Amino acid sequence: LALHLLRGGGRMTEVRVLNTGGRGKRWLVTLDEREVARFSKLTDAVQATEFEVERMGQRVHASGLPSAPWRQVPAEGELAELARQARRGRPVATVAEALAALSYAEVVG
C-alpha cells in the first residue's frame with residue numbers, strides 16, 4: 001500500500017505499508033523510504049498509519065484523500081514519462097496515477 005501526502009511547502013511525502021513475508025512482524029511501514037514501524041497484522045499497520053497521518057494535521061490528512069485536488073492535476077513532463085515507462089508504455093492521466101505507477105514499479109519491479 002502507498003499513500004502520498006503533501007506537507008508544508010508542498011513537499012511530497014510517501015508512506016508505504018509493505019509485506020516483507022515470513023512470520024512475525026511482516027508488515028513494514030516506511031515514511032519517505034525510512035522504516036518507522038513493523039506490525040504482525042495489516043490492520044494494525046494501517047490503523048497506526050492513519051493515526052500518524054491525522055497527527056500531521058488536517059491539511060496533510062486531507063491531501064491524502066483520493067478527492068484531493070492536487071491528485072487530479074494532469075501528469076506532465078518527466079513525471080508523466082517515468083510513469084509511462086513504469087507502465088510499459090501505457091500513459092497516465094493524473095498525478096495520482098503517475099505516483100501509483102511509480103510506487104508499484106519500485107516495489108514490484
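**Figure 1. Contacts of Ala-45 in the predicted model.** In this predicted model, Ala-45 touches Val-17, Trp-27, Val-29 and Phe-39, leaving aside neighbours within four places in sequence. Ala-45 also belongs to the largest nonpolar core, which has nine residues in all. At least two of the core residues come from each of strand 2, strand 3 and helix 1 (42-55). Strand 3 gives the most, with three residues. In soluble globular proteins, nonpolar side chains tend to be buried together.

Figure 2. Apart from the core of Figure 1 lies another one, made of six residues. Among them are Ala-75, Ala-83, Ala-98 and Ala-101.

**Figure 3. The hairpin of strand 1 and strand 2.** Strand 1 (residues 2-7) pairs with strand 2 (residues 11-19) in the antiparallel sense, over six bridges. Within this pairing, Leu-6 stands opposite Met-12 of strand 2. Three residues lie between the strands of the hairpin, and Gly-9 takes a positive phi near 70 degrees there.

**Figure 4. Strand 2 against strand 3.** The pairing of strand 2 with strand 3 (residues 27-31) is antiparallel and runs over five bridges. Arg-16 is placed opposite Thr-30 in strand 3.

**Figure 5. Arg-16 and its salt-bridge network.** Arg-16 and Glu-106 form a salt bridge, with 3.4 Å between the closest N and O atoms. This pair links distant parts of the chain: Arg-16 lies in strand 2 and Glu-106 in helix 4 (residues 95-108), 90 residues apart. A network of salt bridges links Glu-14, Arg-16 and Glu-106. Arg-16 counts as buried because its relative accessibility is 8%, and the cut-off for burial is under 20%. The model has a count of five salt bridges.

**Figure 6. The salt bridge of Arg-38 and Glu-35.** The closest N and O atoms of Arg-38 and Glu-35 are 3.0 Å apart, and the two residues form a salt bridge. Arg-38 has a relative accessible area of 34% and is therefore partly exposed. Glu-35, at 48% relative accessibility, also counts as partly exposed.

Figure 7. Side chains of Arg-84 and Glu-81 meet in a salt bridge with an N to O distance of 2.6 Å. About one helical turn separates Arg-84 from Glu-81, because they are three residues apart in helix 3 (residues 77-86). Arg-84 is partly exposed, its relative accessible area being 31%. Glu-81 is likewise partly exposed, at 32%.

**Figure 8. Positive phi at Glu-33.** Glu-33 is not a glycine, yet its phi is positive, at about 70 degrees. The residue sits in the loop between strand 3 and strand 4 (34-39). With a relative accessible area of 63%, Glu-33 is exposed. Most residues other than glycine have a negative phi.

**Figure 9. Positive phi at Arg-88.** Arg-88, a residue other than glycine, has a positive phi near 55 degrees.

How values were computed. Residues numbered from 1 in each chain as written. Predicted model: local features only at pLDDT ≥ 70, side-chain atom pairs only at ≥ 80, totals over all residues. Heavy atoms only, no water. Pairing = 2+ DSSP bridges. Helix = DSSP H or I, 4+ residues; strand = E, 2+ residues; numbered from the N terminus. Salt bridge = Lys/Arg side-chain N within 4 Å of Asp/Glu carboxyl O. Buried < 20%, exposed > 50% of the residue type's maximum accessible area, 1.4 Å probe, protein only. Core = buried A, V, L, I, M, F, W, Y, C linked by side-chain atoms within 4.5 Å. Contact = heavy atoms within 4.5 Å.
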